[in-house]
Each structure stands twice: as C-alpha cells, then as structure tokens.
Amino acid sequence: MYNDLQGATVIITGAATGIGRAMALRFGREQANVVINYLGGEQNVEPMIREIEAAGGRAVAVKGDVTNEADVKQLIRTAEDRFGSLDVMINNAGIENEVPSEELTLDNWKRVLDVNLNGAFLGCREAIRSMLERGVKGRVINISSVHEKIPWPHFLHYATSKGGIKLMTETLALEFAPKGIRVNNIAPGAIETPINGAKFADPEARAAVEAMVPLGYIGQPEEIAAAAAWLASSESSYVTGITLFADGGMTQYPSFQGGKG
Ligand code: NAI
C-alpha cells in the first residue's frame, strides 16, 4: 500500500473489465476515491463498488463513451463534484481486432484510432484542464501496449494507436512538467483479460504467446494495477514521460534467449 493514495481521486476509463477493473479494485484497497467509467461490463459495476467500499475506499460509476467529448467532460465533472478534485486520470479504454492490412476498412481504422487514441487524448486534455484550474499536481497514466514498440501485422490500426499514445504521453509530460503534472505510460505485454480471452483459451495459441515471454507466463491484470499504483503514488515523484513496460520481458528480444543469434 502507498499511504499517500488514501483519499486521492482516481478516474479509470473502461474500468468494468480486465486491467481497468483490477486497477479500480487496487485503488479501492489504497482507499482512494475511484471513479469507474464503463461502457461494457455493466454487470460488474455494482459488485466492484461494494468491494471498493468494503476496502475503505469510495466509488462512483459513470457510464460513458471515451470517444464522446461530452461524456468525457461529464466524467471529470463527476469526479470534481463528488470528491472535490481530480488527482489521477487513467486512460485505459481500448479495443482491438485482427485483419490483414490490405483488407482494413477505413471505418475499422477510424474506430480503433477513435477509441484508443482520440479517447485517450480527450481524457488527457480534460484531466489536465481540471488539474490546472485547481492547481492540482496530478498524474496522468495512459495504458498503451508493447505494440507501441513491437510492430504487429494484422493489427495495424491498434499498433498505430498505441505508438501515437507514446508520443502523446511524452509531449504532455514535457509541456506540463513545470506545473508539477506527471504524465506516464504503462505498456502491458500479454495479460489475461477479455480482450484476448478467446486466444488464450486455445492451448496452442496460449503456448505460442508464453514462448514470447521470458518470464514464461501470461500476466495477470493485478500486475498492471501494481504498476499503475506506483506511477500514481509519490513513490514515483521524479518519474515523468516514461513508458513502464510490464511485459514479462517481451520487449527484450526473447528470440535471442539462450545466447543464439
Ligand atoms: P478489456 O476488453 O477487458 O478492457 C477494455 C475496456 O474498454 C472494456 O471494459 C470496454 O468496455 C472498454 N471500452 C471499449 N470502448 C470504450 C469506449 N468507447 N468508451 C469507454 N470504454 C470503452 O481488455 P483489457 O486487456 O483490460 O484492456 C485494457 C487496456 O489495456 C486497453 O487499452 C488495451 O489495449 C490495453 N492492453 C491490453 C493487453 C492485454 O494483453 N490484455 C496488452 C496491452 C495493452
């Protein structure tokens, strides 16, 4: 636990499932005020609120689409009205789908960019506005992916969106460092969540992914939540503009393991 997160207000987008859900519950255990944005996974929301409150945190849920400017503004306003101000913004909502690039339609390309990149932009902009208005030395955490670095055939739109998040994070970190606002990025590797549930249910596909992870296993959402808690707490006070890879070593050229090459 990080004592300084007690009473901090944290918004997490796409928080009713997977990594977002694990982060919401982790910040609940930190006794933070958690604003759960969700679009899917509605059935998880009430039990999550109860679990956060049982852990000594406070929670409110706000349904909304991160691609909709009015919804994002409403999300920030809810945090301010309910808990006074916004301390931590986590842009986590994301989608992906597989398609050979020569068959990728403009609509599909636009949709993935809209959720993953435009949605994160709106979250960053509105959170930073709120922090500036109230003089809050806040933290923004964007959830990108190892595919901000590793090219990913058949996922051109996804990899492009995550690469965009990388430079967005770095640019905002530079721009708002003088105000004491820290902006960082977490790049998860292969994590067991609904986004890739079908793939990991197939033993062959799962083994193929595990073989790309030097630590040898598919990560759990709680391992990403732990990284987010650190970046949100003052234990990371001198850290801004980084991508924290939480990927079991996937970005360390696993095919070179064993000294071959
Ligand atoms: P997930 O599918 O459980 O979570 C994504 C969440 O975003 C869902 O709850 C979904 O309802 C929500 N969402 C989708 N579109 C939305 C919109 N327009 N507005 C608001 N919410 C919306 O999957 P997971 O894995 O938890 O994904 C979370 C983030 O982590 C995503 O950005 C994903 O790209 C990233 N990530 C996941 C990895 C993995 O292996 N699971 C690896 C690298 C990155």
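These legends describe close-up views of a predicted model.

**View 1**
The shell around the ligand holds 29 residues, of which Thr17, Ile19, Asn92, Tyr158 and Thr193 come nearest. By class, this shell is made up of 13 nonpolar, 13 polar and three charged residues.

The side chain of threonine 17 has an N or O atom 2.6 Å from an oxygen atom of the ligand. Backbone atoms also take part: a backbone N or O atom of asparagine 92 is 2.8 Å from a ligand oxygen atom, and a polar backbone atom of isoleucine 191 lies 2.8 Å from an oxygen atom of the ligand. On its own the ligand has 820 Å² of accessible area, and the protein covers 92% of that area. Helix H1 (18-29), helix H4 (106-134) and helix H5 (156-176) are the elements that give two or more residues to the shell.

**View 1. Helix H5.**
Helix H5 has 21 residues, and the distance from its first C-alpha to its last is 30 Å, close to the 30 Å expected at 1.5 Å a residue. Its buried residues are His157, Tyr158, Ala159, Ser161, Lys162, Ile165, Met168, Thr169, Leu172, Ala173 and Phe176. The cover over these buried residues includes H4, S5 and S6. One of the buried residues of H5, Tyr158, is also among the residues that come nearest to the ligand.

**View 2. Helix H8.**
Helix H8 runs over residues 221-232 and has 12 residues. From first C-alpha to last, H8 reaches 17 Å, close to the 16 Å expected at 1.5 Å a residue. Pro221, Ile224, Ala225, Ala227, Ala228, Ala229, Leu231 and Ala232 are buried in H8.

**View 3. Methionine 131 in helix H4.**
Methionine 131 is found in helix H4. The residue counts as buried because its relative accessible area is 0%, and the cut-off for buried is under 20%. Leaving out residues up to four places away in sequence, methionine 131 touches Leu86, Asp87, Val88, Met89, Val136, Gly138, Arg139, Val140 and Ile181. Methionine 131 and glycine 180 are 49 residues apart in sequence, while their C-alpha atoms are 9.9 Å apart in space.

**View 4. The loop between H1 and S2.**
Glutamate 30 has its place in the loop between H1 and S2. With a relative accessible area of 1%, glutamate 30 is buried. Residues up to four places away in sequence aside, glutamate 30 touches Met1, Tyr2, Leu5, Gln6 and Ala229. Ala229 is one of the buried residues of H8. Glutamine 31 lies in the loop between H1 and strand S2 (33-38). Its phi is near 60°, a positive value in a residue other than glycine. Glutamine 31 counts as partly exposed, at 23% relative accessibility.

**View 5. Histidine 154 in the loop between S5 and H5.**
Histidine 154 lies in the loop between S5 and H5. Although histidine 154 is not a glycine, its phi is positive, at about 75°. The relative accessible area of histidine 154 is 34%, so the residue is partly exposed.

Methods. Residues numbered from 1 in each chain as written. Predicted model: local features only at pLDDT ≥ 70, side-chain atom pairs only at ≥ 80, totals over all residues. Heavy atoms only, no water. Near = heavy atom within 4 Å. Polar contact = N/O pair within 3.5 Å; in protein donor to acceptor, adjacent residues only side chain to side chain. Areas by Shrake-Rupley, 256 points an atom, 1.4 Å probe, with all protein chains shown as cover. Helix = DSSP H or I, 4+ residues; strand = E, 2+ residues; numbered from the N terminus. Nonpolar A, V, L, I, M, F, W, Y, C, P; charged D, E, K, R; others polar. Expected span 1.5 Å × (residues − 1). Buried < 20%, exposed > 50% of the residue type's maximum accessible area, 1.4 Å probe, protein only. Contact = heavy atoms within 4.5 Å.
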